[in-house]
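Hi,

Here is the structure I promised to pass on.

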Amino acid sequence: MNNVKKISEHFWVIEENGVRMFVFEGEKQAMVVDTGFGGLALKEIVAKLTSLPAMLVNTHTDKDHVGCNRDFGPVYMHPAEMDHYRRSLPEGCRMEDVRPLWEGDVIDLGRWKFEVILTPGHTPGSIMLLEREKRMLISGDSIQDGDIFMFGSGRNIQAFQESLRKMLKMSQAFDVIWPSHGSYPLKPDIIPGILTGTEELLAGKLSGQEPPWPMPCKRYRCGAAGFLYQF
Ligand SMILES: [Zn+2]
């Protein structure tokens, strides 16, 4: 399992082609965060890490995060994300298996307690998961140093900026950020850089490059991250 890395007791990272998933083992239950592109036998991998039943949470539902959703039971996401999920429902998945997670809900695994924070912009119902006692944040795609998809249906850069401001205000509560892409772990001091980058982008101060593969957008790099965006 060379795409699995144990970070600490009861905490693993799983990598698949540039996207990252997380597994946390609680006392009676485990939690899987996102399911990748669908190219891994994720359920079997998780079963080797923990014998506890694993609940599935999606930080958001772009296709690189939901590929193995079909192999789990209910899938938890913010209700604002459900339409985005329905529009490109992965094969073998059903809306009937979707369950809501609301802002402020606490996923209590025993040992780990994750608070749900709604951070729209990258997608309508993107969430982050904050472990206050362990001072760590699971940030999905919205805080990372790779290229952040900000073009096309469901994305809104003003909402994204508001979410970054919200996380900046909360940044006293965490020391370590675990993003879905790019390098990891990150520190909270990346947040102002990404926010400034969005301001420079909208002010026309970043130069657009061709995207890494053909897409109807340009790639804009600031110091902290990149944005795939179309004016
Ligand atoms: Zn992603």
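N17 sits in the loop that links β2 (11-16) to β3 (19-25); helices (H or I, at least four residues) and strands (E, at least two) are DSSP runs, numbered from the N terminus. This is a predicted model, where local features need pLDDT of at least 70, side-chain atom pairs count only at pLDDT 80 or more, and totals for chains, interfaces and linings use all residues. Residues are numbered from 1 along each chain as its sequence is written.

N17 isn't a glycine, yet its phi is positive, near 45 degrees. N17 is exposed, as it has 10 C-beta neighbours inside 10 Å (exposed means 12 or fewer other C-beta atoms within 10 Å, buried means 20 or more, with C-beta atoms placed from the backbone).

D34 also has a positive phi, about 70 degrees, without being a glycine. This one is in the loop between β4 (30-33) and α1 (42-49), and D34 is buried, with 28 other C-beta atoms within 10 Å. For context, most residues other than glycine have a negative phi, and most peptide bonds are trans.

The Y184 to P185 peptide bond is cis, with omega near -15 degrees. You'll find P185 in the loop between β13 (176-179) and α4 (190-202).

Now α1: L42, V46 and L49 are its buried residues. They line one face of the helix, because they fall within an arc of 55 degrees seen down the axis of α1 (the arc is taken over directions from the helix axis to the C-beta atoms). E44 and K48, on the other side of α1, are exposed.

Cheers
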